[in-house]
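Subject: Handing over a structure, with notes

Dear colleague,

I am passing on the structure below, and my notes on it follow directly after. Please read them with the structure open beside you.

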Amino acid sequence: MAAPLRPFRLRGRGSPRKFGVAAGSLRGLLRKGCQLLQLPLAGSRLCLYEDGTELSDSYFRALPPDTELVLLGPGETWRGCATDITGLLAVFSKQQEAVVAAARALLSGERAPGRQKLLADLIHNLSENILAEDKGDDEKWFEGLQSRFKNKSSYMRYSCESRIRSYMKEVSSFISNVDPTARDAYKGIMDLMSDKLKSVKYNGCYFDRREEAAARLCTAEGWFSCQGPFDSADCPCKHSINPYSNRESRILFSTWNLDHIIEKKRAVIPELAEAVKTRDGREVNWEYFYQLLFTVDNLKLVHIACHKKTNHNLSCDKSKIYRKRKQNHKIS
């Protein structure tokens, strides 16, 4: 009695096109496949698309319906689905548009979630325009932004400046919690911090790939890496992003946090207010607090999934809160 027909998805090596073929035996499937793809029956064989395992009669009988298979002609080899990706990457530098088109063709018929994500990520990354800087060279990147931004770096600087400005506003708004007798001194420190921030353009260079100072937070061509939880040297998930690459990455980057290691609201600002209140003739080391609030001495870039919302339980260095007053020596 003939085995019942079972459906399979069949394709040739190097072709994204897939065919539905039904057969009850390995020999029958091989014969139909060779006729369909115009390959000689002698020397041809079938293997799994997933990992390149060559089929035997017993293996064939154990396959579930709709398994994806590759038909190989004489002398052809297949190492699994990675072969497709390897082939795409091999020609990427010279045929980027063709690679994207081929990846989309593969994705259109792909059902396995893992391979779908792999191909989707590949298409996303190959569609990048990292090196483009001016609006005219990558207009899609600027969609949704104000027309005043003419290049990517100017927007990224503005984005960083906005974050730093928001920190300064938090320092200013805390003045209502400062002891009334110390508010004038607290305001004086705010003015010093504000003047310094203005002089360095609110540290907007941290996100500007063209500025040498940005090297502390990013690598070449604007790549940024998550610096992980505050108590870990590296991000466990190895998050990285290049907001200069495309519009989607630019929007996603806005969800990343500049995380204060010694916490701004719980530790730094209250400690500053207390230092002003209890200074007792001592000079508050406002530049130390400035570094904690506004610079990468205490700020690190963190993917939102790695941003710990719990108390870091870290405090300011008590030895740096005050500094010696400068002595003015009179010449008699």
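The charged end of Arg148 sits over the ring of Tyr158, at 4.8 Å from the ring centre, where sitting over a ring requires NZ of Lys or CZ of Arg to be within 6 Å of the ring centre and within 35 degrees of the ring normal. A second case of this kind is Arg6, whose charged end sits over the ring of Phe60, 4.9 Å from its centre.

Before going further, please note that this is a predicted model, in which local features need pLDDT of at least 70 and side-chain atom pairs count only at pLDDT 80 or more, while totals for chains, interfaces and linings use all residues. Residues are numbered from 1 along each chain as its sequence is written, and side-chain values use heavy atoms, with hydrogens and water left out.

Tyr158 also belongs to a cluster that ring pairs link together, with Trp141, Phe142, Phe149 and Tyr155 as the other members. In total the structure holds 12 aromatic pairs, one of them being Trp141 with Tyr155, whose ring centres are 6.0 Å apart and whose planes stand at 80 degrees, so that the pair is edge-to-face. (Rings of Phe, Tyr and Trp, the last by its six-membered ring, pair if their centres lie within 6.5 Å; planes under 30 degrees apart count as stacked, over 60 as edge-to-face and the rest as tilted.) This pair links distant parts of the chain, since Trp141 is in the loop between helix 5 (113-126) and helix 6, whereas Tyr155 is in helix 6, 14 residues apart. Both Trp141 and Tyr155 are buried, a term that means under 20% relative accessible area, with exposed meaning over 50% and partly exposed in between (1.4 Å probe, protein chains only).

Ser154 is likewise found in helix 6, which covers residues 152-173, and with 17% relative accessibility Ser154 counts as buried. A polar atom of the Ser154 side chain lies 2.7 Å from the backbone oxygen of Asn151.

Thr310, in the loop between strand 9 (299-302) and strand 10 (322-323), is exposed, with a relative accessible area of 52%.

For the chain as a whole, there are 10 helices and 10 strands, both taken as DSSP runs numbered from the N terminus (helices H or I, at least four residues; strands E, at least two). Of its 332 residues, 43% count as buried.

Methods:
Polar contact = N/O pair within 3.5 Å; in protein donor to acceptor, adjacent residues only side chain to side chain.
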